[in-house]
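Subject: A structure for you to look at

Hi there,

Here is the structure I promised to pass on to you. Have a look around it on your own, and then read on for what was found in it.

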Amino acid sequence: MTGKRDVVISVTSKSRYAVVALAELARAGDSPMPIGQVAERRRIPVQFLEQLFSTLRRAGILISHRGAKGGYTLARPADEITVLEVVQALDGVVGQEAKEAGGIWESGVESLRDTFRSTTIADIARREAEEAGTGMYHI
């Protein structure tokens, strides 16, 4: 041990669920999707998804629409929203502790950040569609 504190790289399940939920919205295009529908399609508890979407709305990633045809849409095109942006909105700065620890920890976290920074919600939606053998609805 070098005397530096333990390094924690924290990306929680909140971020994983949020990314797949946003990919669902991306696949739906510009039409608002009710949160219950997103939750059902992605098998995420509605109450949990409501908390995530509330945070993402405040972060400017989502727009909520009221009324009979209400629901949520992405605030920007899916190819402009990065996984890093979503993760940091929910989990804070990724790997701040690793940066302080330096060395291999900092390099590893920077690689993770680069991957998250270069991957968009559109990329996730496309990858899911390809894996499922289905096309995209809209993007």
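Let me begin with the chain as a whole. Among its contacts between residues at least 6 apart in sequence, 64% join residues at least 24 apart. Please keep in mind that this is a predicted model. The protein chain contains 7 helices and 2 strands, and along the sequence they follow the pattern α-α-α-β-β-α-α-α-α. Of the 139 residues, 39% count as buried.

Now the strands. Strand 1 (residues 62-65) pairs with strand 2 in the antiparallel sense, over 4 bridges. The two form a hairpin with 5 residues between them, and in the turn you will find G67, whose phi is positive at about 105°. Across the pairing, S64 stands opposite Y72 in strand 2.

What covers strand 2: one face or both? Side chains in a regular strand alternate between the two faces of the sheet. In strand 2 (residues 71-74), G71 and T73 lie on one side and Y72 and L74 on the other, and all of these are buried, with both faces covered.

Next come the aromatic rings. How many aromatic pairs does a search of the whole structure find? There are 2. In one of them, the ring centres of Y17 and F48 are 5.6 Å apart and the planes meet at 85°, so this pair is edge-to-face. Because Y17 belongs to helix 1 and F48 to helix 3 (residues 46-58), the pair ties together parts that are 31 residues apart in sequence. Both residues count as partly exposed: Y17 has a relative accessible area of 24%, and F48 is at 23%.

F53 and Y72 form an aromatic pair too, again edge-to-face, with 4.9 Å from centre to centre and 65° between the planes. This pair links distant parts of the chain, since F53 is in helix 3 and Y72 in strand 2, 19 residues apart. Here F53 and Y72 are buried.

The charged end of R16 sits over the ring of Y17, 4.8 Å from the ring centre.

A39 lies in helix 2 and is buried, with a relative accessible area of 3%. Setting aside neighbours within four places in sequence, A39 is in contact with I44, V46 and L49. From A39 to Y17 is 22 residues in sequence and 9.7 Å in space, C-alpha to C-alpha.

Last, helix 7. This helix (residues 121-132) has 12 residues and reaches 16 Å from its first C-alpha to its last, close to the 16 Å expected at 1.5 Å a residue. Which of its residues are buried? They are I121, A122, I124, A125, E128 and A129. Seen down the axis of helix 7, these buried residues fall within an arc of 160°, so they line one face of the helix. An α-helix has 3.6 residues a turn, so residues three or four places apart point the same way. The cover over the buried residues of helix 7 includes helix 1 (13-28), helix 2 (35-42) and helix 4 (83-91). On the face turned away from the buried side are the exposed residues E130 and E131. After helix 7 comes G133, with a positive phi near 75°.

Enjoy exploring!

Best wishes

Note on methods. Residues are numbered from 1 along each chain as its sequence is written. This is a predicted model: local features need pLDDT of at least 70, side-chain atom pairs count only at pLDDT 80 or more; totals for chains, interfaces and linings use all residues. Side-chain values use heavy atoms; hydrogens and water are left out. The expected span of a helix is 1.5 Å times one less than its number of residues. Buried means under 20% relative accessible area, exposed over 50%, partly exposed in between (1.4 Å probe, protein chains only). The arc is that of the directions from the helix axis to the C-beta atoms. Contact means heavy atoms within 4.5 Å. Two strands pair if DSSP finds at least two bridges between them. Rings of Phe, Tyr and Trp (its six-membered ring) pair if their centres lie within 6.5 Å; planes under 30 degrees apart count as stacked, over 60 as edge-to-face and the rest as tilted. A charge sits over a ring if NZ of Lys or CZ of Arg is within 6 Å of the ring centre and within 35 degrees of the ring normal.
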